[in-house]
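Hello,

Here is the structure I promised to pass on to you.

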Amino acid sequence: MNLTEKNTIRVRFAPSPTGYLHVGGLRTALYNYLFARQNNGVFILRIEDTDRTRYVEGAVDNLINTLRWAGLDFDEGPQIGGNYGPYIQSERLDIYRKYATQLVQEGKAYYCFCTSERLEKMRDDLEGSGAFAKYDKTCSKLSESEVIKNISDGNPYVIRMKVPENRIIRFYDLIRNEVEIASDLIDDQVLIKSDGYPTYHLANVVDDHLMRITHVIRGEEWLPSVPKHILLYEYFGWEIPKLAHLPLLLNTDRSKLSKRQGDVAVEDYKAKGYLKEGLINFIAFLGWNPGDEREIFSLDELVKEFSLERVGKAGAIFNIEKLNWINLQHIHQKSNEELVPILKEILVNSKYNNLKLSDEYLANVIGAMRVRINYIAGILEKSSYFFERPQSYDDTVLKKHWKQETPEHLSKLINEFSLLQSPTKEDYETALKKTAEQLGIGAGKLIHPTRLSVSGVGEGPGLYDILYILGKEEVITRIEIAINKIKI
RNA sequence: GCCCCUAUCGUCUAGAGGCCUAGGACACGAGCUUUUCAAGCUUGGAACACGGGUUCGAAUCCCGUUGGGGGCACCA
């Protein structure tokens, strides 16, 4: 290992594969990524799948795909490997056992044969006494022969770490500065579970050390367990990485961001047609800002500007309206053509999946709707008439703009339209205004009923844009249908 | 219950003792534009949780209170 390698900054994102990538997880991954990239460091993905009961099939691939979609490419991890693998904890069981056994031999950990029933009862008894329900260390007093007998009898066991009494454990956090916690408040943490898998605490410390992690950047929920980790680093004689605990992402009611109160899975936002640029930009600003008034950033710009020093300490509410606005700013920065693939994917997953529409048609639709939406699926929500004929006609618009004489006016308009040869938007406009003039009425008397006829609603892009996109034949057909269907 | 973290407009935040009659953005109101709806532009209202210190001077430092969040598992 040469000097440069030795000083390389190495960070990791270490999710558990319990389903989907949470937006909070995305932000943690993002901050790690930004920190790594701006320091020419290494960004590692490690899968923490030590809880077999929560493992979800396919979750690892899903996690990786979502991370890649967001543009957060990792340098070492599952599928791509690296010098410090394997990067999936369930494939490293022998490593954890080796280190746990070492601690037992050194008297820093011990076998525990207490049943979960006994532990539960113990906690129940302690409850109400006002005390913190800590393990009573019964098994730490077992003699070596008792331990050997238990093991040879096949009694299930865990390995617990010994936590010293009366010690104040101090540590420095890059975001929170000095933090101190009394060791008496820390339980004799289980290191190896009875199923042979390690707990988070052991696996995390061992892997961070073995993978040469220099900075641990993770959610604030881990702050209270840092002392356990510090103790483990001490027991092993390892250097403690720099720590940075990020403020939490919150629901509107200020509780930790969770399902039930809106979408929390990154893939849900992707499915709605939020741009990765928009989501990343928004999420970067939940807890960080550049210190000036700029708000729209690309991933590369974030890499340049990001700094852990500027990360805030208080939790931030995930405010979808701000996301919508930021996403729109990023939509502004894309051409219609660039957005076509996103629209296509949404259509494929919609009830319009059988439609065969040209890229040109879709680009035109995007051009017409792009300032009227916040995410691409909004096009289907607000202008389904580009994909199917109106199923109904808006009642309010009907009452306001559909008069006794309207059908007659529209018939005249259809005649005028039918004369046009491959009409442009301007041709439609000219034809409509000419018809209005001949009828001796204002253009509005034709515009509103025509819009209603072709779209079924009273809002949306300019009428002539809609007519142009739909095409002459379809426009005439739709107006005819409306004349026949609408009775007042 | 105990421990830890945290506290500027409704929301995201700027602010590192005087530049603050607290700035920006989202959202909201008004206007302009537009024979629709948006977008855009202009504009308005809106906050230093409270109480004590320290200091010539505090949103900024200290202490306490209150509020909020997180953690206390053979889950991560």
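**The cavity**

Searching the whole structure turns up one cavity of 30 Å³ or more. On a 1 Å grid over the protein atoms alone, a cavity is a set of points where a 1.4 Å probe fits but cannot get out, and residues with an atom within 4 Å of a point count as lining. A volume is the space filled by probe spheres set on the points, with grid points joined across faces, edges and corners. Before the details, please note that this is a predicted model, in which local features need pLDDT of at least 70 and side-chain atom pairs count only at pLDDT 80 or more, while totals for chains, interfaces and linings use all residues. Residues are numbered from 1 along each chain as its sequence is written, chains are lettered from A and ligands numbered from 1 in the order in which they are written, and side-chain values use heavy atoms, with hydrogens and water left out.

The largest cavity holds about 70 Å³ of space. Its lining is made of Asn204, Val205, Asp208, Val216, Arg218, Val226, His229, Ile230, Tyr233, Ile240, Pro241 and Leu243. Helix H7 (200–210), strand S8 (215–219) and helix H8 (226–236) are the elements that each give two or more residues to this lining. Helices (H or I, at least four residues) and strands (E, at least two) are DSSP runs, numbered from the N terminus. H8 gives the most, with four residues. By class, the cavity lining has eight nonpolar, two polar and two charged residues. Here Ala, Val, Leu, Ile, Met, Phe, Trp, Tyr, Cys and Pro count as nonpolar, Asp, Glu, Lys and Arg as charged, and the others, Gly among them, as polar.

The largest pocket has a volume of about 1100 Å³. A pocket is an open set of points with protein on both sides within 12 Å along at least five of seven lines. Its lining counts 36 residues, and the closest to the pocket centre are Pro15, Ser16, Arg54, Glu221 and Trp222. Strand S1 (10–13), H2, H7 and S8 each give two or more residues to this lining. The largest share, four residues, comes from H2. In the pocket lining there are 15 nonpolar, eleven polar and ten charged residues.

H2 covers residues 23–38, and its 16 residues reach 22 Å from the first C-alpha to the last, close to the 22 Å expected at 1.5 Å a residue. That expected span is 1.5 Å times one less than the number of residues. Of the 16 residues of H2, 14 are buried, so the helix is largely enclosed by the rest of the structure. Buried means under 20% relative accessible area, exposed over 50%, and partly exposed in between (1.4 Å probe, protein chains only). Just after H2, Asn40 takes a positive phi of about 55°.

**A three-stranded sheet**

Three strands form an open, antiparallel sheet in the order S3-S4-S7. S3 and strand S7 (190–192) are the edge strands, as each pairs on one side only. Two strands pair if DSSP finds at least two bridges between them. From one strand to the next, the twist averages 40°; axes are lines fitted to C-alpha atoms, and angles run from 0 to 180 degrees between N-to-C directions.

S3 (residues 109–112) and S4 (residues 158–161) are joined by four bridges. Cys112 stands opposite Val158, and Tyr110 stands opposite Arg160. Both faces of S3 are covered, with Ala109 and Tyr111 buried on one side and Tyr110 and Cys112 buried on the other.

**Backbone details to look at**

Gly85 and Pro86 are joined by a cis peptide bond, with omega about -5°. Pro86 sits in the loop between helix H3 (59–70) and helix H4 (93–105).

Asn177, in strand S6 (residues 177–182), has a positive phi of about 65° although it is not a glycine. Asn177 is partly exposed, with a relative accessible area of 33%. Arg254, also not a glycine, has a positive phi of about 75°. Arg254 lies in the loop between strand S10 (249–250) and helix H9 (266–272), and counts as exposed at 54% relative accessibility.

Best wishes
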